[in-house]
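Let's take a friendly tour of side-chain contacts in this protein chain. Have the sequence and the structure open as you read.

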Amino acid sequence: MMNVQTARPVAGVLWMVVTGAMFVAVTAIVKYVGDDVPAAQAAFLRYALGLVFLIPMIRPIMAAHLTRRQMKMFGIRGVVHTFAVLLWFFAMTQIPIAEVTAMNYLSPVYVSIGAAVFLGEKLPPRRLAAVVIALIGAAIILRPGMRAVEPGHIAMLGTAVMFAVGYLLAKQLSGEVSAAVVVGMLSIMVTIGLAPFAYAVWVTPTLGQVGWLFLVACFATAGHYTMTLAFAAAPLTVTQPVTFLQLVWAVLLGAVVFGEAVDGWVVIGGLVIMASVSFITWREAVARRQVTPVAPQTKV
C-alpha cells in the first residue's frame with residue numbers, strides 16, 4: 001500500500017531487479033549443491049539456518065495471541081509450503097534452472113483460479129483467457145508427446161499449485177495479523193515440517209555444504225526484503241513485468257555455469273506465462289482503481 005503521490009516506479013523496478021538477482025542466486029546455489037545433500041535435508045537446513053533471521057519477529061509473534069483458528073491456518077499453510085519446498089528442491093536436482101524458473105511463474109495463475117473457486121472472487125472472461133494462455137505456456141515448456149516429461153517437471157507443477165495455496169492462506173491471515181507474524185510463523189512451521197523428512201535421509205553435511213545452504217537462507221531472506229521494498233515503492237503493475245529478468249538470468253546461468261543447453265521453447269513458454277501473469281496483475285490493479293475513489297490521499 002502506498003500514497004499515489006509518493007510512488008517511486010524507478011526505485012520499485014531497481015529493487016525488483018535486485019530481488020530477481022537474489023532469487024537466482026538461491027537457485028544457483030541449490031543447483032550447485034545438487035545431489036550431494038538429499039533434497040529434503042537441503043531444504044531443512046536452508047530453513048533451520050534461516051531461523052536466525054526470525055529473532056526480531058519473536059516479540060510480534062508472542063504479542064499476536066493467535067487464536068486456535070489462526071494456528072490451524074498457519075499449520076495448514078506450513079504443511080502445504082513444506083511439500084512445495086520439498087518438490088522445488090527435488091526439481092532443482094532433476095531439470096534445468098531455466099525450466100524450474102519458467103514453471104514457477106505459474107503460481108500467480110493458480111492463485112487466480114483458487115481465489116475464484118475457494119474465495120468466491122470473480123474471474124472475468126479476459127482474466128480467464130489469460131489463465132488459459134498461461135496454461136498453454138506451460139504446455140509449450142513441457143511439450144508432452146514431443147519429449148519425455150521428467151519427474152522434475154511434475155514436481156514443479158505441484159510446487160506451483162502448493163505455493164498458490166500457501167499464498168491464498170497468507171492473503172487471509174495478512175488481514176488479521178502483521179506481516180512479521182505471517183513470515184515468522186511460516187518459517188517456524190516449515191522448519192518443523194521438514195525435520196522428519198530430513199531425518200529420514202540424513203547425511204552428515206560438510207562444513208562447506210552447511211555454509212552454502214546458509215548462503216541460500218541469506219539470499220532468500222534478502223530477496224523477500226528487497227521484494228517488500230519494491231512493492232512499497234511502486235505498484236505491482238510496474239514491478240511484476242521485471243520478474244521476467246529472472247528467466248533471462250536463469251537461462252544464462254544454466255548455460256554459462258552449469259553447461260545446460262538453451263531451450264528456445266522453454267524461453268517462449270516462459271514469456272507466454274509471464275505475459276499472462278502481467279495481464280492478470282494489471283487487471284487486478286484496474287479493478288482496485290474502479291472501486292477506490294480518486295483523491296490525493298488514495299491508497300493503491
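Arg69 and Glu176 join through their side chains in a salt bridge, with an N to O distance of 2.8 Å. Arg69 belongs to helix α4, while Glu176 sits in the loop between α8 (151–173) and α9, so this contact ties together parts that are 107 residues apart in sequence. Please keep in mind that the model is predicted.

How accessible are the two partners? Arg69 is partly exposed, at 45% relative accessibility. Glu176, with a relative accessible area of 36%, is partly exposed.

In total, the model has three salt bridges. One of them brings together the side chains of Lys31 and Glu260, at 3.4 Å from N to O. Lys31 comes from helix α1 (residues 9–33) and Glu260 from the loop between α12 (244–256) and α13 (264–291), so to speak distant parts of the chain, 229 residues apart. Lys31 is buried at a relative accessible area of 17%, and Glu260 counts as buried at 16% relative accessibility.

Asp263 also has a partner: its salt bridge is with Arg143, and the closest N and O atoms are 3.1 Å apart. Asp263 is in the loop between α12 and α13, and Arg143 is in the loop between α7 (125–142) and α8, so the bridge ties together parts that are 120 residues apart in sequence. Arg143 has a relative accessible area of 12%, which means that this residue is buried, the limit being under 20%.

## Aromatic pairs

Now to the rings, where the count comes to five aromatic pairs. Among them is the stacked pair of Phe53 and Phe214, 6.2 Å centre to centre with 10° between the planes. Phe53 is found in the loop between α2 (39–50) and α3 (58–63) and Phe214 in helix α10 (residues 207–233), which makes this a link between distant parts of the chain, 161 residues apart. Phe53 is partly exposed at 29% relative accessibility, and Phe214 is partly exposed at 34%.

Phe83 and Phe197 form an edge-to-face pair, with 5.6 Å centre to centre and 75° between the planes. Phe83 lies in helix α4 (residues 68–92) and Phe197 in helix α9 (residues 179–200), so parts that are 114 residues apart in sequence are tied together. Phe83 counts as partly exposed at 38% relative accessibility, and Phe197 counts as partly exposed at 33%.

## A charge over a ring

Which ring does the charged end of Arg46 sit over? That ring belongs to Tyr47, and the charged end of Arg46 is 4.1 Å from its centre.

Key: Residues numbered from 1 in each chain as written. Predicted model: local features only at pLDDT ≥ 70, side-chain atom pairs only at ≥ 80, totals over all residues. Heavy atoms only, no water. Phe/Tyr/Trp six-rings, centres within 6.5 Å; stacked < 30°, edge-to-face > 60°. Helix = DSSP H or I, 4+ residues; strand = E, 2+ residues; numbered from the N terminus. Buried < 20%, exposed > 50% of the residue type's maximum accessible area, 1.4 Å probe, protein only. Lys NZ or Arg CZ within 6 Å of the ring centre and 35° of its normal. Salt bridge = Lys/Arg side-chain N within 4 Å of Asp/Glu carboxyl O.
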